[in-house]
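Q: Before we go through this model together, could you show me how to read its features one at a time, with the general idea ahead of the particular case?

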Amino acid sequence: MFREMRVAGITVDPFTNTPIVILKDLEEKEVLPIWIGLLEASSIATALENIQTPRPMTHDLFKNVLDKLSVRVVKIEVNDLRDNTTMP
């Protein structure tokens, strides 16, 4: 079953202090929390808040290359979850 989801925000696990990205479906009925690293959380938060950095990060450069090549990511499929880690 496929469900389109969007990044709803970032929070922190109160027990481990680990960042969590929160995905919600378009109707906001289903939620998928994914525990992530601190650097990834920082990058996602920067993008969500439209903050411009003085120089591009590696993922920004990769996105720019994809944009120049007119490549579009249509979907990312998560098909398993193990120990709070998604498995594409």
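Q: Does Asn-50 count as buried or exposed?
A: This is a predicted model, in which local features need pLDDT of at least 70 and side-chain atom pairs count only at pLDDT 80 or more, while totals for chains, interfaces and linings use all residues. Residues are numbered from 1 along each chain as its sequence is written, and side-chain values use heavy atoms, with hydrogens and water left out. A residue is called buried under 20% relative accessible area, exposed over 50%, and partly exposed in between, with a 1.4 Å probe and protein chains only; the areas come from the Shrake-Rupley method with a 1.4 Å probe, and for residues only the protein chains shown count as cover. Asn-50 counts as exposed because its relative accessibility is 63%. Asn-50 lies in the loop between H1 and H2, and although Asn-50 is not a glycine, its phi is positive, at about 55 degrees.

Q: Where does Ser-70 lie, and what is its phi?
A: Ser-70 is placed in the loop between H2 and E4, and its phi is near 60 degrees, a positive value in a residue other than glycine. Ser-70 is exposed, since its relative accessible area is 65%.

Q: How many helices and strands does the chain have?
A: Helices (H or I, at least four residues) and strands (E, at least two) are taken as DSSP runs and numbered from the N terminus. In this chain there are two helices and five strands, and from the N terminus on the elements run β-β-β-α-α-β-β. The C-alpha trace spans about 35 × 30 × 25 Å along its principal axes.

Q: In which sense do E1 and E2 pair?
A: Two strands are said to pair if DSSP finds at least two bridges between them. E1 and E2 pair in the antiparallel sense, over seven bridges, and Val-12 stands opposite Pro-19 in E2. The two strands form a hairpin with six residues between them, and Asn-17 in the turn has a positive phi of about 60 degrees.

Q: How many bridges join E2 to E3?
A: Five bridges join E2 to E3, and these strands run antiparallel. Val-21 stands opposite Ile-34 in E3, and Lys-24 stands opposite Val-31 in E3. E2 and E3 also form a hairpin, here with five residues between them, and Glu-28 in the turn has a positive phi of about 60 degrees. Glu-28 counts as exposed because its relative accessibility is 58%. The C-alpha atoms of Glu-28 and Pro-56, 28 residues apart along the chain, are separated by 32 Å.

Q: Why does Asp-25 count as buried?
A: Asp-25 lies in strand E2, a strand that is mostly covered, with six of its seven residues buried. Asp-25 counts as buried because its relative accessibility is 3%. Contact means heavy atoms within 4.5 Å; leaving aside its neighbours within four places in sequence, Asp-25 is in contact with Arg-3, Glu-4, Met-5 and Glu-30.

Q: How much space lies in the largest pocket?
A: Rolling a probe the size of a water molecule over the atoms shows where empty space is left. On a 1 Å grid over the protein atoms alone, a pocket is an open set of points where a 1.4 Å probe fits, with protein on both sides within 12 Å along at least five of seven lines, and lining residues have an atom within 4 Å of a point. Grid points are joined across faces, edges and corners, and a volume is the space filled by probe spheres set on the points. About 2,100 Å³ of space lies in the largest pocket. Of the 41 residues that line the largest pocket, Met-5, Arg-6, Val-7, Leu-23 and Ile-76 are the closest to its centre.

Q: Which element supplies the largest share of the lining of the largest pocket?
A: H1 does, with six residues.
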